[in-house]
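Visitor: Could you walk me through this one? I would like to start with the loops and then move on to the rest.

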Amino acid sequence: MWVKAQLTTMTPTSSSQQMQPAAEEEQEQKEKTLLPGELIETFYVENKRRQQNIKIQVKLCAQGVYLRRETNDTDHINEQLIRIEDIVGSSCGARQRKRARGGLNSCRNPSQQQEEEQEESQSQSQSQPPPQTDNSAYLYIYAYLKKEKPLRRVQTLRILRFRSSEDYAENLETAQRWHCRIREHKQHTGAICAAANKRLLILLNPKSGSGKGRELFQKQVAPLLREAQADYDLQITTHSQYALEYVRSRKDLLERYAGIVVASGDGLFYEVLNGLMERMDWRRACAQLALGIIPCGSGNGLAKSIAHHCNEPYDPKPIMHATLICVAGRATPMDVVRVELNHRSRHSVMYSFLSIGWGLIADIDIESERLRSIGAQRFTLWAIRRLITLRSYQGKLYYLPAEQPAASPATPTCSAPAVSRISLPNAPYSEFKDLPDDQQSDEFADALSTDRSVYRQTDSWHSAASRRTAYYSIAGQSNRSRQSVAQRIEAANAQFAELVPTGNMPGLQLPLPAEQGWLCEQGEFVMVHAAYTTHLASDCYFAPSSRLNDGLIYLVVIRGGVGRPQLLNFLLSMQSGNHLPSEPDPFICVLPVRAFRIEPSGSQGILTVDGERVDYGPIQAEVFPGLINVMTTTGQ
Ligand SMILES: Nc1ncnc2c1ncn2[C@@H]1O[C@H](COP(=O)(O)OP(=O)(O)OP(=O)(O)O)[C@@H](O)[C@H]1O
């Protein structure tokens with residue numbers, strides 16, 4: 001790569017540096033061959049060592065910024081393309097002080113900054129003309145070049161100095177033309193934050209992870225958002241359920257925002273997802289709002305899974321890398337899993353994006369909470385403890401295999417004792433329509449306001465025992481007959497039932513139809529852990545075969561009777577993703593399924609959904625393929 005310096009100022013020919021007539025002709029010729037939306041200009045970079053100006057032709061096109069250096073040696077022409085995908089944004093104006101350019105420079109500590117400022121003011125007083133005599137306009141191009149082996153992003157700043165005219169306004173106009181074109185090309189790539197007239201909603205949990213969310217945001221996220229010229233509203237959560245309530249109740253969510261970014265751990269993303277699903281326009285909201293995550297939590301399974309999906313780096317700067325994904329912000333569909341729980345005859349429904357755990361891993365995760373103060377080592381310590389006092393749980397596991405009748409040979413399966421069949425449509429939610437906006441706010445006002453308590457205690461919508469009711473506002477309708485009110489309530493109930501995301505599994509208390517493909521295994525389990533993203537945490541590569549939008553739940557089953565050495569090996573290999581047996585194994589297997597149900601026999605145990613503890617009892621889950629959209633760099 002010939003451009004060695006990360007920060008290079010390029011200056012086009014000015015009136016005082018007249019182009020040779022031949023060069024002028026050449027330039028004119030090149031401009032004639034430009035496609036619409038393309039710009040071209042010749043700049044000179046001063047090479048102090050050789051005491052000469054190096055001629056660089058810069059072309060802005062749909063692919064990015066193309067730089068071509070021509071030296072006097074005829075055989076020495078170097079080229080570089082800064083891909084439009086690697087360009088975060090640009091800005092233009094008068095010369096900026098180094099610190100004001102943002103980027104990672106603004107993350108330096110105060111003493112470093114002070115030194116830099118002193119250096120800069122000295123160098124300015126020595127070599128640079130005072131700002132008022134500089135009529136140049138500058139274009140700053142912020143890019144993070146993607147490099148493989150090792151996978152990383154290299155922060156790069158290119159500065160183009162426009163000074164062909166003596167008039168600053170004219171130079172600025174040229175720089176602005178370049179700046180606008182860059183933004184237009186970014187828009188064509190589908191960048192969500194470059195979308196016109198829409199903003200990002202950023203929800204920040206100041207308590208997540210080490211509790212430094214606010215500081216991390218100011219130092220690492222905000223400068224990048226500035227470079228990307230992303231307009232955003234920042235909401236700091238004040239308590240648990242804040243984000244859920246905010247997303248659920250904000251009326252102008254879809255009109256105002258192009259996406260929602262969670263700057264927190266997986267817990268807050270769970271709230272945002274469930275808040276969206278509790279909206280009456282849930283389907284439109286899921287389709288239109290892309291969701292992003294900036295990992296400020298302790299587990300960060302989703303952020304790592306997204307980075308893995310689009311082959312983006314994660315460590316050593318997970319926040320910077322995730323922010324880059326969010327500002328690239330192309331939407332990729334992602335599966336969501338509908339979970340139904342039954343605890344002491346209370347039913348609840350929730351939506352999950354990461355995992356459901358029963359047994360070993362859930363136990364380690366939750367029970368080691370008491371050692372939180374020692375950091376990530378709590379998991380290792382508790383895993384050792386649990387290996388010594390190994391537990392197993394009695395129960396029944398039902399599942400609907402993804403491939404019928406036989407599973408893919410690449411994924412070894414376990415033999416299941418009982419077989420029955422059931423069919424699930426690929427996209428069970430596709431049959432529902434959203435409520436028109438005006439109906440949302442009026443007709444279903446009562447249903448919305450009372451819904452949450454009902455919603456979390458309801459049976460499956462299709463189950464015979466469902467207690468779910470939509471309350472229809474009858475205020476101001478006293479002149480209508482009782483009969484008509486009853487009919488209207490019934491009609492509203494029917495319509496309401498169609499407008500919420502319903503599952504296709506029978507209610508938890510109902511048997512699974514024997515003839516439709518369900519398999520059942522009864523016995524002792526050390527663990528059943530369902531995952532639908534590759535990573536459960538940034539250092540736990542749990543379901544390597546998983547894809548964001550494959551419509552699959554990966555059930556990892558460890559049966560009773562498994563030896564401790566095999567279990568130890570399993571736990572130690574989870575980080576690298578080598579924990580699953582490559583050959584059929586009697587004790588450990590992974591099952592790609594579309595739905596499953598767990599019926600634990602006892603009443604004591606731990607169940608987790610997305611890493612959070614939920615009531616212990618029967619639980620069932622089914623996948624809704626590609627229900628939401630998450631921000632990725634690829635858009636696939
Ligand atoms: N201001 C707040 N104070 C206390 N709790 C909050 C606040 N805002 C959000 N919460 C709750 O904190 C919980 C945990 O947050 P989050 O998942 O973001 O961080 P974490 O637990 O550190 O990360 P991870 O889930 O990756 O381990 C969320 O479920 C959320 O309900």
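Visitor: Where is P316 found?
Guide: This is a predicted model, and in it P316 is found in the loop between helix 9 and helix 10. The peptide bond from D315 to P316 is cis, with omega near 0°.

Visitor: And how do helix 9 and helix 10 pack?
Guide: Helix 9 (residues 301-309) and helix 10 (residues 318-328) pack at an angle of about 60°, their axes being 11 Å apart, and the two helices are therefore oblique to each other. The crossing of helix 9 past helix 10 is left-handed, with A303, I306 and A307 of helix 9 meeting P318, H321, A322 and I325 of helix 10. By class, the residues of that contact are six nonpolar, one polar and no charged.

Visitor: Is K149 buried or exposed?
Guide: K149 counts as exposed because it has 5 C-beta neighbours inside 10 Å, where the limit for exposed is 12 or fewer.

Visitor: New topic: which residues are closest to the ligand?
Guide: Of the 21 residues that surround the ligand, the closest are S208, S264, G265, G267 and G297. Helix 7 (residues 266-277) gives the most to this shell, with four residues, and the shell as a whole divides into three nonpolar, 15 polar and three charged residues.

Conventions. Residues numbered from 1 in each chain as written. Predicted model: local features only at pLDDT ≥ 70, side-chain atom pairs only at ≥ 80, totals over all residues. Axes fitted to C-alpha atoms, helices over the stretch in contact; angles between N-to-C directions. Parallel < 35°, antiparallel > 145°, perpendicular 65-115°, else oblique. Left-handed = near helix turned anticlockwise from the far one by under 90°. Contact = placed C-beta atoms within 7 Å. Nonpolar A, V, L, I, M, F, W, Y, C, P; charged D, E, K, R; others polar. Near = placed C-beta within 6 Å. Buried ≥ 20, exposed ≤ 12 C-beta atoms within 10 Å, placed from the backbone.
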